[in-house]
Amino acid sequence: MSNKFPISFWNYNRINEYDPAKEVAMWNDCGITVGMVPRIHFATATEEQKNLVEQYLDEALKYDMKMIVWVEGIELYDYSFNENAFRELFTNVYNRFKHPALHGFFVGDEPSNKQHLAACRAVLKISKEIAPELNPYINFGCGMADRPNELYGGMNFVEWTKDL
């Protein structure tokens with residue numbers, strides 16, 4: 001996978017809506033190199049649903065693909081600034097889904113206020129401490145560059161991302 005350009009997509013589906021083998025085969029046919037596993041809520045997911053995540057990861061290996069796993073509960077919006085609780089949940093999620101095809105976890109989408117930006121920083125830091133080999137995935141979106149520098153602590157968006 002290291003020699004492949006990362007081509008991915010958004011996957012808004014729920015984990016039990018599709019067959020992992022068929023989905024990953026289709027993604028491969030489309031040229032996807034980093035798929036996104038359909039989302040799952042870790043705290044309420046059944047064992048069968050968690051096993052489906054693992055099936056997506058297993059299927060990815062067949063095509064030399066990597067996967068971003070979307071787990072509701074470890075996103076920046078869920079971060080309550082209780083670092084110990086978040087670390088415990090992230091560690092449990094990581095230990096359950098650690099896999100050779102795991103590229104990283106989706107951790108948020110376009111943080112839009114100071115609280116979300118602070119949570120973004122905290123979640124990325126914790127993610128890299130617990131799973132340094134993974135690439136946490138966050139969508140920053142082009143509209144973020146147009147927001148006022150005050151939102152970024154007096155920095156512009158480029159400076160803020162470098163600092164991040």
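Predicted model: local features only at pLDDT ≥ 70, side-chain atom pairs only at ≥ 80, totals over all residues.
Visitor: What do the labels for helices and strands stand for?

Guide: They are DSSP runs, numbered from the N terminus: helices are H or I runs of at least four residues, and strands are E runs of at least two.

Visitor: Then how do I read the sheet? In what order do its strands come?

Guide: Strands of a sheet pair through backbone hydrogen bonds, either parallel or antiparallel. Two strands count as paired if DSSP finds at least two bridges between them. In this model 4 strands make an open sheet, ordered β1-β2-β3-β4, with parallel pairing. At the edges sit β1 (34-41) and β4 (137-139), each pairing on one side only. On average, neighbouring strands of the sheet are turned by 30° against each other, direction ignored. For such angles, axes are lines fitted to C-alpha atoms, for helices over the stretch in contact, and the angles run from 0 to 180 degrees between N-to-C directions.

Visitor: How many bridges hold each pair of strands?

Guide: β1 and β2 have 6 bridges, and Met36 stands opposite Ile68 in β2. Between β2 and β3 there are 4 bridges, with Val69 facing Phe105 in β3. The chain gets from β2 to β3 through α3, in a right-handed β-α-β crossover. It then goes from β3 through α4 to β4, and this crossover is right-handed too. β3 (residues 102-109) and β4 pair over 3 bridges, and there Asp109 stands opposite Asn139 in β4.

Visitor: Which strands does α2 touch?

Guide: Contact means heavy atoms within 4.5 Å. Helix α2 (residues 47-62) packs on the sheet, where α2 touches β1, β2 (66-72) and β3, and its direction makes about 175° with that of β1.

Visitor: Now a helix. Which residues of α3 are buried?

Guide: An α-helix has 3.6 residues a turn, so residues three or four places apart point the same way. In α3, the buried ones are Phe86, Phe90, Val93, Tyr94 and Phe97. They cover an arc of only 100° around the axis, which puts them on the same side of α3; the arc is that of the directions from the helix axis to the C-beta atoms. These buried residues pack against α2, β2, β3 and α4 (114-130). On the face turned away from the buried side, α3 carries the exposed residues Asn84, Glu88 and Asn95.

Visitor: What span should α3 have?

Guide: The expected span is 1.5 Å times one less than the number of residues. The 15 residues of α3 (residues 83-97) should span 21 Å, and the end C-alpha atoms are 21 Å apart, which agrees. α4, with 17 residues, reaches 24 Å from first C-alpha to last, close to the 24 Å expected.

Visitor: What covers the buried residues of α4?

Guide: The cover includes α3, β3, β4 and α5 (157-163). Among the buried residues of α4 are Leu117, Cys120, Leu124 and Ile130.

Visitor: Where is Phe81, and what is its phi?

Guide: Phe81 lies in the loop between β2 and α3. Its phi is positive, about 65°, although Phe81 is not a glycine. With a relative accessible area of 43%, Phe81 is partly exposed.

Methods: Residues numbered from 1 in each chain as written. Heavy atoms only, no water. Buried < 20%, exposed > 50% of the residue type's maximum accessible area, 1.4 Å probe, protein only. Right-handed = clockwise from strand over helix to strand, strands pointing away.
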